[in-house]
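Okay, thanks everyone for coming.

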Amino acid sequence: QVQLVESGGGLVQPGGSLRLSCATSGSAISLYAMGWYRQAPGKQRELVAAIASGGKTNYADSVKGRFTISRDNAKNTVYLQMNSLKREDTAVYYCNAAPSIATLTYYDNFGQGTQVTVSS
């Protein structure tokens, strides 16, 4: 099982930026598709960005053009660069790993999450 640790969250003003990191241990992330999810209070966890082992990316419509997912296989780390943050981006952010983007939904490798709060 892949062990994941998310970090980089915090409090940021609307319009600001944050970069989240997801570090892995136990397995090389080059083998996996990776996904960033978020869960806001009272809402279900949703996939916001995913990156395949070959580098193909997918984004939820709500973050397209503002968020960028990337991976550094040498560091076993996946990043989520979040720009132009909005209040509705406030949530706990988690990462997940699976053999492919299509199978992310069937795997539960989530770490403890990192809180992102967008507020003035």
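Quick definition before we start: rings of Phe, Tyr and Trp, taking the six-membered ring for Trp, count as a pair if their centres lie within 6.5 Å. And keep in mind that this is a predicted model.

So, how many aromatic pairs does a search of the whole structure find? It turns up two.

Let's take tyrosine 37 with phenylalanine 110. Those rings sit edge-to-face, 5.0 Å centre to centre, with 90 degrees between the planes. Now, where are they in the chain? Tyrosine 37 is in strand β4, residues 33-39, while phenylalanine 110 is in the loop between β9 (91-98) and β10 (114-118), so this pair ties together parts that are 73 residues apart in sequence. Is tyrosine 37 buried or exposed? Its relative accessible area is 9%, and under 20% means buried, so tyrosine 37 is buried.

Phenylalanine 110 turns up again in the other pair, with tyrosine 94. That one is edge-to-face too: 6.1 Å centre to centre and 75 degrees between the planes. Tyrosine 94 belongs to strand β9 and phenylalanine 110 to the loop between β9 and β10, so here the linked parts are 16 residues apart in sequence. Tyrosine 94 also counts as buried, at 14% relative accessibility.

Now some charges over rings. Arginine 45 lies over the face of phenylalanine 110, 3.8 Å from the ring centre. And arginine 19 lies over the face of tyrosine 79, at 4.2 Å from the ring centre.

That's my tour, thanks!

Key. Residues numbered from 1 in each chain as written. Predicted model: local features only at pLDDT ≥ 70, side-chain atom pairs only at ≥ 80, totals over all residues. Heavy atoms only, no water. Phe/Tyr/Trp six-rings, centres within 6.5 Å; stacked < 30°, edge-to-face > 60°. Helix = DSSP H or I, 4+ residues; strand = E, 2+ residues; numbered from the N terminus. Buried < 20%, exposed > 50% of the residue type's maximum accessible area, 1.4 Å probe, protein only. Lys NZ or Arg CZ within 6 Å of the ring centre and 35° of its normal.
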